Each structure stands twice: as structure tokens, then as C-alpha cells.
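Trainee: Could you take me slowly through one part of this model, namely the place where two of its chains meet, and then show me how the rest is arranged around it?

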Amino acid sequence: MVTFLQELVNSLSIASVIILMGIGVTLIFGLTGIINFAHGEFLMLGAIGVWVLMGYGLGYIPALLIAVAIVGLIGFLLERGLFQFTLLRPNNGFMASLGLSIVIQHVVIRIWNSFSKSIPEPLPGVWQIGEITFIKMRVVVVAVTALVVAVTFFTISRSRYGLALRASLADRETAALMGIPIRRYITVIFAYGSAIAGLGGALTIALFPVTPFVGSEMIMLGFAVALIAGLGNVAGVVGAGLILGLVNGLSGAYGTPEWTNAYTFGLMIVILIFRPQGLFGGTMGPTIE
Amino acid sequence: MAQMAAIAEARPPASRQRKNRALPSSAALIATAILVVGVFAFPWFNPGYRALSFAVTTGVTAIVLYGMAIPFGQAGIMSLGYAGLMGFGAYTAAILSRDFGMNMWVAMPFSVLVAVLCAGLFGLPSLRISGHHFAITTYVMCELLRIALINGGKFTGAATGLDLPPMGMLLGVKLDKLGNAYELVAAFMFLSMLTAYCVANSRYGRTLRSIRENEQLARAIGVNANLHKVGAFMLSGLFAGVGGDLQAYNFRHISPDLYGGATSLYFALMVMLGGPRTIFGPLAGAIIVTFLPEVMRIDPVDSRIAYGLALIAVVMLLPGGVIAAAGRAYRWAARALHGAPANSGSADAGASLT
Amino acid sequence: MATLEIRALRKTFGGVVALAGVDLTVHSEEILGVIGPNGSGKTTLFNTVCGVYRPTSGTVHWNGVDIAGKPAYAIGRLGLARTFQQAMSFPALTLRENVQIAIEHGSRRADGAGPQWSSPEELLQFVGLEAFANEIANTMPFGNLRRLGVAVALGGRPSQLLLDEPAAGLNEGESVQLIHLLRRAHQLGVGICIIDHHVGLMAELCARLAVLHFGNKIADGPTEAVLNDPKVIEVYLGEEQ
């Protein structure tokens, strides 16, 4: 029982990173229609950024904040410089993002090399509650993710800004005619989504070593979670992410670790075929129109 | 609406006039002849073992790419599962050789059959899911295959993979000699090129293009779009199966990592870079990405950065791929030189599949 | 003669009733017009009959064959063709290729009547676009695209053609040309059923009119009578000045 609870907590931290990826994907993909296969590289850049900055002597928290800001900036520049031209032809954006992910990965490899990188534990130690041992850093990861999710969810669903955003997603022309600055919203969403992917990376490297390929490993899980939940549905991403994080973590501990990703992928395919709008329903389904 | 967006995607800019290209012009035929001779004569230039070996890889890849040109170039549906289909072909050949002693030629129909059936299966979701979502689905299916292969225990050789025996003889020619193996692969490659060309210029190719251009209209005039989409994928599976079989026997060892999503991405990159709707596009894409960097001893990291950037450039600026852009440049130059609309038929016919 | 029998056709989308049980018979010998305010279900009627939507209930018989619920391509192959409200074509293909595809997938009419296109050029000539055979469809001006749409629909050698607002977006002269084209097609043996808002065009072209309102057919008869029907005037045409 104790082991099970510990595994549960461990899974939660994995789930958290996947959720952060998934939120970025669901916001960008679901609300703006831009498909960015290189989204996983934002996670990687966040992780590498923290590693580089701590290598220059910064503490973990300043390194995290700066890295996330830089990733957000990179996202902003990519949207302005590349993706904004693909809004009307998302397939072009998708293909370009395939090339982009290869470029980003290999630029990082060129500058730093392809071996795995790690940082000294920012928060070593554990908390004991009864018989259960909680690794402090993992709890922090979950807490930070919960905070980000809450902020995102309430902004999108309650604020005027979020309402305008969802309206413009439903009918771009009308929203534009009403004076909603759609392009600006899309840019902000893209930068925000990229930044929280970077945050996910910054948190990941505090948990395990990462390689420049960690992005492509995570991107599919991020897509899977967003598609399973339903694009545009932030709360759904949390739900799907928790389920999948649990499956991942538990299968790693109890079952067949080699098949872990297979369960996620299999579920994603099944959902896409039989319930393309996602388990919880989203704003934009991937059906043929 | 989405349909219009889908139509607008990745389409070569329309030239105002296009002659009816049932037959290529003499200029195009000469260019093709030179290419054929050049490719077959390559070993006589003493390129060395390394270059020849990469040439074989390039050729095998090009075969798969010509298969991709049918559902992607003609019907407009992109799949990121082709490495998986090739893997089905390769592993079928390896397993049949290990368990039943079949050689490359006997195994080929089986490789093809397995690849074709799986291609149909991989293609079915395209009837329900569109564009990029379908592409992601195929990527994921490919990864699932890779995971299954790694976990397949003794049957699939797990992560280490499987070995294959030598290719043996064909009509008295020793296929184990690299030069001869290369010629064989080159022959298959040109056969694939020819097949893709014939498909594109046939009634079937027109039907596929109509689905790409305006699926709703195609259905209204009697085109069974669903059947043709799956059919196009199955046809591409044929090429992938042949390529997989050839690859397995040429390199004598296959492993799961050769057939994952990342490899599929590179296939997609190659075919988009070269141009899926031009006759030389897939070959050009394979050469640029697989052959050139290795032979020119460019650092693999640098070369990947280069063709990632090249793909972005092509997608954003040169729709239709490098060959189509080269064709346009040629026509522009011809017009500039002659000061009058050039005989647009000649340049087009050689360059375009459609 | 080909006959399209629509009985009690109902189509709902969730809670919205687009067609509330429509009865309509279309004979290929006559030119039938379908008019009505926007949202009255005209396009939905065509879409449901032609297999774009499945009927919620009701029957559709084409020459005695039950086609309700059949996929669009199967219906197209049976000789029932249609055009679309937006000018549809295969944009990146030449006009010749556009009609060639249509010819290659056409039906084989059992009665051997109707247009038999021996080549794409012949069909292009029929609609007056033969000069543009090598042009790419998306470079065509709108009026030509409309005619191309008719050509593509005719390519399959249909016995009946359903046209959805074929004159929308055309100017006076182009509309007149379209009327001539449709008359010539009719003379070749293709039934014509047309949705449009140009009442003048409909009055000139159609011998019979049906009027839809909120998914119901409220009038059906000779053109003159229908246009003078007080119900129709109230709902659609407006009071005489």
C-alpha cells in the first residue's frame, strides 16, 4: 500500500510535466489551429536553458525563470517569423514544424553535444508523512503545475480576455469585425504555450537527466493527452494527463515498462478514430469537414 | 472553409498555360536517358565502398519515396508511417528467411503482401481523421510498431534485431558484390519511378488528384473517395514492401530503430524537399538528404540542420519541392533568354508527374 | 424520362428541423424551379437527396431505385448530378482535366439518350469554354467557374441535374447565357431542377415552381400560378407596390 501511494505520487510528477505539455498543445493547437510538431523542443530548450544557466553559476530558481522567459520569447519570435504565415494553411505549418524540430534539436547538439545533461538536485530530501515518503522536488513539480493549470483555466474560462479568445476561435471573422485583435491573441497564446512547455522542461531536468531528444519523446505524449481530452479543453487535459501519468507510472513500477508509451499511443488512436472530439469534448475536433 | 484551405495547401503555383502532357517532350526524354545511364554507370567511376553503400541506401529509400508520392503527391494525404511499412517488409523477409529458408526473391511477394495489408490498415483512419491529425496518428502507429518489435522477444529479435543471409545469385550474377547489388537496387528504383509516373498520368492518377483538389466535388461526380484513399495507401505499401525486402538483404541486419517515427519523419522530409509531384522529386530528395551529406563528408549534425532549414524554406517559399522550383527557374530563364513565352510544354513534361 | 420521387423527406440536425417532411416529384421532361427564403431548406433538400446528408426519415426514389442513405458517389453514378452553391471545381487542374475526370466517372445511361461526350473538348465546347481548355481552373473568372461547374456536372452523362443557385454572383449578361445553356442541356435530354433567388430568371426558365418555407413545401404548380399564390407572396415575394 505504501509503495502504491509512493508510486502514485511519482506518477503525479510525471503526469504534471505531461499536463504542462498538453496544455500548451491544447491551447495552441486547439485555439489557434497552428500545429507545431516542434512544441516538444520548447520543453527541451527549457531544460537545457536551466542546465546552461546553472552552469554559469545561477541558482535553480533564477535559472528556471530566465529559461522560461527565453523559451517564451523564442516562441513569440517563431510565431511572428514563421507560424503566422501558416494560419490559413495549417498543413504547411505542420510540415515546416517537422523541419523546425530537426533544426532545433541539432542546433542544440551542435552547440552542446548530444549527451545527457543533469543539474544538482535543487531541493534534495524527502518529506515523511506517516510511512509514506514524498520526494520533495516531485511535490514541488506537482504544486507548480497545479498553480499554472489553475491560472490558465481561470483566465481562459472566466476572464473577459478568455471569453474574447474563445469567441474569436468560434468565428474569426465576426470577432475581427467586433474589434478583437485576433492575431495578437494568437501570438500571446503561442508564446504562453511555449513558455509553459519550457517550464515543464525546467522542472523535468530537476527530476531526471535530459538529452536533446527529450522533446521528441515528450511531444507525442503531449499531443496524445490533448487529443484524448479534446482540443481546447484545458480541464480535460488535466484529467487525461492524470490518467495517463498514472498508467505510465504504474506500468513502470508494476507492469511492463517497455509497453508504457504503447498504452498511451493506443488509447490516442482509438479515441481519434471513434471519438475525435476527445473524451471530454473540445473546441476543435480533428474530423474531416 | 476548411476545404478551400485543404485545397490551397502545398500546391505548386499554377502556370497559366499547360500543354496536354500525355507524352513527355524530347528534351525530357533525353534528360531521363542521361540520368539512367549516369546512375547505372556510377560504379565504374570507382566511387569506393562507402559511397556505393550509401548509394544503395539512397536507392532503397527512393523506392519507398516513390510509393509515398502516390497517396501524398496525388491524393494529398500525408502519412508519417512509411518507415513502419518498410519495417513490415524487412522483418517479414528476415523472419521468412530465418524460419523457412526463403531467399530474397521468394520472400518479396510476402513482404509486399504484409506491407500492402498494413498500409491499408494504417490508411483506414484517414477516412475519419483529416490532415495533420491523421499524420500524427500514423506517426504514433509507427512508434507502436517499433515498441512491438523491441518487445517481440525471440520472434523479432528484440532490440538487437535480426540478421539475414547473403542475396545469392541472379541469372549468374553474384549479388553479394556491392556493385551488382547497387545495379539491382537502381533497376528497382527506376522501375518505381516509372510506375509512379504511369500512375500519375493515368485515369487513376486523375481520380486521386480530384480527391485532393475537391473531395466533395469528386464524390458528387461518382468517385468513391474512401475506396481510392485506402487503395492509394495500399499501392504505396507495395513500394514500401519491396524497399524493405531489398534493404534487409542488402544490409544483412535490421533492427527496430530503423523503422520508427523519426525515420518516417525523414522520409516525409525527403519527399517534401524533392517534391512529391515531380518525377525526379523523390529521387532528388533521397539524394539530397541521404547521399550528399555522407558522400561530401558533411558533419551529420550540420547536414541535419541544413535540411531542416531547407524543408522550412521549401514549405514556405518553394511549394512543390526543389525539382519543381528548378523547373520554374529553368522556364523563367528560358523566357528571359528568348524574350517570349517559352515552350512551356518541354520543361514541364520532364519535370512534372502531373 | 427519369423521375425523382421525394416522399415525406425529413432532415434534422440536432434540434433544428431543416426539412419537415417534403413531398416533391421531379420529371426530367420539365424544368422545375425551387424557390424560398434563405434557410427554408432548399440546399438541405439537394444535399439530402444527393447523399451528402442521410435523411432522418422519408424516402427518395430515383427511377424506382431507393437511394435514401446511399453515399454521394453511388448516387452520382446513377445519373443524378448536382452543382453546388459555391462555385466548385478542381482548382489546380486544367479545365480539360476537370471535365475529363467527370466524363471518366460518369454513369452509363441505360436508355442511351442524353449527352454522350466523346471527348472533353466536346463538353467544353457545349458550355462555351473550349478556348480555356488548358487554363488552370483557379485562374478562371467567376462566370467561367460557374459554367465549368455545370460542365463537370454534365460530364457524367446524367439524366437529371440539380443546380443550387447556379446564377448567384453572375451579372445580367452571364445569367442570360446560363439560361441558354440550361435550355440547351434540357434539349439534350437532361432534366433540370434549379434553386435560385432570381425570380425573373426562374419565371423565364421554369415551367413549374415549388416553394419551400421553414422546411415545408407551401406551393407546387405552374410558375404563373405559384407566383400569384398569396401564401407565396406573403412569405417570399413581398407585396406588390
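Mentor: Let us begin with the contact between chain A and chain B, which takes 37 residues from chain A and 39 residues from chain B; here two residues are in contact if their C-beta atoms, placed from the backbone, lie within 7 Å. Keep in mind that this is a predicted model, in which local features need a pLDDT of at least 70 and side-chain atom pairs count only at pLDDT 80 or more, while totals for chains, interfaces and linings use all residues. Residues are numbered from 1 along each chain as its sequence is written, and chains are lettered from A, with ligands numbered from 1, in the order in which they are written.

On the side of chain A that touches chain B, the elements giving two or more residues are helix H4 (90–112), helix H9 (214–229) and helix H11 (260–274) of chain A; helices (H or I, at least four residues) and strands (E, at least two) are DSSP runs, numbered from the N terminus. H4(A) gives the most to this side, with 15 residues. By class, the residues of the side of chain A that touches chain B divide into 25 nonpolar, eight polar and four charged, where Ala, Val, Leu, Ile, Met, Phe, Trp, Tyr, Cys and Pro count as nonpolar, Asp, Glu, Lys and Arg as charged, and the others, Gly among them, as polar.

If we follow chain A on from H4(A), we come to Pro122(A), which lies in the loop between H4 and strand S1 (126–129) of chain A. Pro122(A) is buried because it has 20 other C-beta atoms within 10 Å; the rule is that 20 or more make a residue buried, 12 or fewer make it exposed, and anything in between leaves it partly exposed. Leaving aside neighbours within four places in sequence, Pro122(A) is in contact with Tyr60(A), Met137(A) and Ala206(A). The C-alpha atoms of Pro122(A) and Leu207(A) are 9.2 Å apart, although 85 residues separate the two along the chain.

Helix H5 (residues 136–158) and helix H8 (residues 182–207) of chain A pack at an angle of about 170 degrees, with their axes 10 Å apart; axes are lines fitted to C-alpha atoms, for helices over the stretch in contact, and angles run from 0 to 180 degrees between N-to-C directions. H5(A) and H8(A) are therefore roughly antiparallel to each other, the word used for angles over 145 degrees, whereas under 35 is roughly parallel, 65 to 115 roughly perpendicular and the rest oblique. Met137(A), Arg138(A), Val141(A), Val144(A) and Val148(A) of H5(A) make this contact with Ile196(A), Leu199(A), Leu203(A), Ala206(A) and Leu207(A) of H8(A). Nine of the residues in the contact of H5(A) with H8(A) are nonpolar, none is polar and one is charged.

Of the contacts in chain B with a separation of 6 or more, 79% join residues 24 or more positions apart.

Two pairs of chains touch, and the pair of chains A and B has the most contacts. Chain A and chain C do not touch, their nearest C-alpha atoms being 12 Å apart. Where chain B meets chain C, the contact takes 23 residues from chain B and 30 residues from chain C. Helix H9 (203–213) and helix H10 (215–220) of chain B each supply at least two residues of the side of chain B that touches chain C, and H9(B) provides the largest share of that side, six residues. By class, the side of chain B that touches chain C has seven nonpolar, seven polar and nine charged residues.

Finally, a word on confidence. Chain A averages a pLDDT of 82, with 92% of the residues scoring at least 70; pLDDT is the predictor's confidence in each residue, from 0 to 100. In chain A, pLDDT stays under 50 over residues 285–289, for which the model has 15 contacts beyond four places in sequence. Chain B also averages 82, and 88% of its residues score at least 70. In chain B, the pLDDT is below 50 over residues 1–22, a stretch with 46 contacts in the model beyond near neighbours in sequence. The pLDDT is also below 50 over residues 340–351 of chain B, which have 37 such contacts. Where pLDDT is low, the predicted coordinates should not be read in detail.
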